[in-house]
Amino acid sequence: MAAWLCISPAVVLFLTFVLGPFIAALVLSFFSYDLLTSPQFTGLDNFSKLLSDSLLLRSLINTFAFSFGSMVTHLIGGLLLAIAVNGGINRVVNYVVRSAVFFPFLISWAAVALLWQYVMDPAFGLLTYYLKEIGITAPNWFAEPAWALPAIIGIDFWHTIGYTFLIMLAGLQTIPREMHEAARVDGANSFQRFIHITIPLMSPTLFFASVITFIGAFQIFDPIQIITKGGPNDSTISAVMYLYRVGFEAFQVGYASTIALVIFLIIMLVTILQFVGLRRWVHHA
């Protein structure tokens, strides 16, 4: 009884905000419901509608592209930043760099989105100004389909790289220095030590970071809603943003619940695939 009392707050929160909404979405996916009238049972109509929804397909393609770009930039950038900070620099400088890299992660997405809208403004933005100073004409980042999604990926990198950086730094600090010193004595250069010691021993950390990054990236919504609203020409619309449009703008709550289940299944399947490949490339010391 004492144990159940201790975990009861977590159980209540889980039932209220996780399991309860999931069951509600599962049930509503079989209904037509607009929040104003009584739900009407429609069977599998919402699921069959998925197959002919071209905008849903476009949003999923955009979301996969964003998630892949986010994973690559975060894993590479986070690891390189962690290696640079972990390289025995002055303790004060080390602390300042850690704080500077992590600080943007503490800022709300709304503030970050507004900040970068100003920085990347094609008329008077700071980035536009400095690119012009070196002879480069900046594109209209958020109005051109070819640049809008990469720009969002870059903003997301600036905002969230601090979290990945800390994960990578913690992983680096678990690698015994003796292994690098022994390899150095044996004649291994920095690149060889990175490939044969750092990467294998960091593989559990890289795996964890890849799973967390994909789950977070696939649910991207805030910066797209604030900056581009899915445009131009739906080139940045994400799956969660499309779910929001269907559920809270078109009031098709039943169909929105079906889309939510699709997003859940995709995240679950990709995570399972990542765990299936766990034994092939993750090495434990």
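How many aromatic pairs does the count come to by the ring-centre rule?

1. The count comes to 14 aromatic pairs, where rings of Phe, Tyr and Trp (its six-membered ring) pair if their centres lie within 6.5 Å, and planes under 30 degrees apart count as stacked, over 60 as edge-to-face and the rest as tilted. This is a predicted model, in which local features need pLDDT of at least 70 and side-chain atom pairs count only at pLDDT 80 or more, while totals for chains, interfaces and linings use all residues. Residues are numbered from 1 along each chain as its sequence is written, and side-chain values use heavy atoms, with hydrogens and water left out.

2. Among the pairs, Phe102 and Phe105 are tilted, with 5.6 Å from centre to centre and 45 degrees between the planes. Phe102 counts as partly exposed because its relative accessibility is 22%, and Phe105 counts as partly exposed at 31% (buried means under 20% relative accessible area, exposed over 50%, partly exposed in between, with a 1.4 Å probe and protein chains only). The pair of Tyr118 and Phe124 is also tilted, because the ring centres are 5.7 Å apart and the planes stand at 45 degrees. Tyr118 counts as partly exposed at 42% relative accessibility, whereas Phe124 is exposed, with a relative accessible area of 52%.

3. Helix 3 (residues 54–85) and helix 12 (residues 253–276) pack at an angle of about 35 degrees, with their axes 13 Å apart; helices (H or I, at least four residues) are DSSP runs numbered from the N terminus, and axes are lines fitted to C-alpha atoms over the stretch in contact, with angles from 0 to 180 degrees between N-to-C directions. The contact (heavy atoms within 4.5 Å) is made by Leu56, Leu60, Phe64 and Met71 of helix 3 and by Tyr255, Ile259, Ile266, Val270 and Gln274 of helix 12. By class, this contact has 8 nonpolar, 1 polar and no charged residues, where Ala, Val, Leu, Ile, Met, Phe, Trp, Tyr, Cys and Pro count as nonpolar, Asp, Glu, Lys and Arg as charged, and the others, Gly among them, as polar.

4. In helix 11 (residues 239–249), the buried residues are Ala239, Met241, Tyr242, Leu243, Val246 and Gly247. What covers them includes helix 3, helix 10 (222–228) and helix 12. Just after helix 11, Phe251 takes a positive phi of about 55 degrees.

Note on methods
Helices (H or I, at least four residues) and strands (E, at least two) are DSSP runs, numbered from the N terminus.
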